Amino acid sequence: MSTKNLSAQMTNFRWVICAMLFFATTVNYLDRQVLSLTWDEFIKPEFHWDESHYGTITSVFSIVYAICMLFAGRFVEWMGTKKGYLWSIGVWSVGACLHAVCGIVTEAGTGLHNAAELAQATGDTAVVIATLSMYCFLVARCILALGEAGNFPAAIKATAEYFPKKDRAYSTSIFNAGASIGALFAPLSIPPLAKYFGWEMSFIIIGVLGFIWMGFWVFLYDKPSKSKLVNAAELEYIEQDKNEAIASEPADTETEKKIPFWQCFSFRQTWAFAVGKFMTDGVWWFFLFWTPSYLSTQFGIKTSEGLGMALIFTLYAIVTVLSILGGKLPTIFINRSGQNPYAARMKAMLIFAFFPLFVLLAQPLGMQFGDLGRNAAWIPVLLISLGCAAHQAWSANLFSTIGDMFPKGAIATITGIGGMAGGLGSMILQKTAGNLFVFAGDTNMRFLGFEGKPAGYFIIFIFCAVAYLIGWVIMKSLVPKYKPITV
């Protein structure tokens, strides 16, 4: 049956599932963003934090996320996509809401009675408040990381179940755009919630969204072959790879076989994916976690004011549009040149790897146009948005390489292993950034014309700019040509 005839008859329920994955990822990143948009303006004064405390919290979140990712994929394989996703979003929604009680625990632990007394404390009492509150947030953050670790393994597995290989990068770019949408709406919703209802309520309100999503997922999701909402024509389209006997590719009778966990590490393809995640995930998380603080430090712009919300919103609006378009690029290469999916994705990823180089200009141009005052912040934000958009397009294609080379029974596991590597890279970058910013501020460090914390930011920006090219070169060295795994 031709694709043209199929499209005229088949249902399109696979796009409903893609939309569900999109909304889950949006909620995921909203929950992740609440702290970054409230800590500098609302939480920091109350608990006497500095960049070191925040860097510790974000780095511990990253390493716990990394460790959980290692096993989250296996958990999803064991539980199945439907139940695995439900457990994941349920746990992280609980963790998100638990942030709201950190102030209560800190008050009880220090014998103080309200936020005003916490903020007015000095000396040793302030140190105790900072330390105790940090550990409270670490507990909530670890629960959040435990649940969030299951999002991408489950989403990638669902994509592999509902889309043929040629459509996976595009569908992945759509649900992965939820990260950008979450970051896009976060500055419009979270700072006003924190300002008018208290930072605690911002965690609770955003956290509850996950429980609402679970209600829809219970009734909507089933495997395509079992779903009453997928007709025969759509099922045939989804499973078209099974009907294409390609000499260089094993028949899909193998695709449901499992690969022993430790055997996964024996494949170069696993290490290529892990390196791609290790080198680049931390860059995305750095801009996600630190951009609000950067705007405050460099330009004195708060996230709760109109300019701050407009800057963050614009950044992620650009990211959202460009990242979705980036996910379509490999399909264009495949249709025009007949390249195999892996070769097309690597070609697209090389193109995307050059765009973060614009981040190198963020600090110099921001300083060059300093006479614009706080409006000079638009220049680095626009340049950073190009780097972040490239990351999301890169990430969508990187995730899709798993489906190109691994059988379906191993996709969630490999996603988890790569996620662990990405979380480890992020932990190193977040902790380094926090300590560097404190050191740069305390010593008035100089670097290439910048002083103090701006010098520290420029050092991190340099790494962020070149990380993708380094990652691509290593990936290409490990897997130079398309080579699917056979079991």
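Predicted model: local features only at pLDDT ≥ 70, side-chain atom pairs only at ≥ 80, totals over all residues.
Helices here are DSSP runs of H or I, at least four residues long, numbered from the N terminus. Just after α9, Gly 198 takes a positive phi of about 100 degrees. Helix α9 itself covers residues 165-197, and at 1.5 Å a residue its 33 residues should span 48 Å; the C-alpha atoms at its ends are 46 Å apart, which agrees. Along the way, α9 bends by about 45 degrees at Ala 186, and a proline, Pro 187, follows within four residues.

Aromatic rings come next. A search of the whole structure finds 45 aromatic pairs. In one of them, the ring centres of Trp 15 and Phe 163 are 4.9 Å apart and the planes meet at 65 degrees, so this pair is edge-to-face. Because Trp 15 belongs to helix α2 and Phe 163 to the loop between α8 and α9, the pair ties together parts that are 148 residues apart in sequence. Trp 15 is partly exposed, with a relative accessible area of 29%, whereas Phe 163 is buried, at 1%. Ring pairs also link residues into a cluster, including Trp 39, Tyr 54, Phe 286 and Phe 461. Rings can have charged neighbours too: the charged end of Arg 32 sits over the ring of Tyr 29, 4.5 Å from its centre, and also over the ring of Tyr 65, 5.1 Å from its centre.

What about the cysteines? The structure holds zero disulfides. For Cys 97, the closest cysteine sulfur, in Cys 102, is 12 Å away, too far for a bond. Cys 136 is in no disulfide either, with the sulfur of Cys 102 at 5.3 Å. Cys 136 is buried, with a relative accessible area of 13%.

How values were computed. Residues numbered from 1 in each chain as written. Heavy atoms only, no water. Disulfide = S-S within 2.5 Å. Buried < 20%, exposed > 50% of the residue type's maximum accessible area, 1.4 Å probe, protein only. Helix = DSSP H or I, 4+ residues; strand = E, 2+ residues; numbered from the N terminus. Expected span 1.5 Å × (residues − 1). Bend = angle between axes of the 7 residues up to and from the residue. Phe/Tyr/Trp six-rings, centres within 6.5 Å; stacked < 30°, edge-to-face > 60°. Lys NZ or Arg CZ within 6 Å of the ring centre and 35° of its normal.
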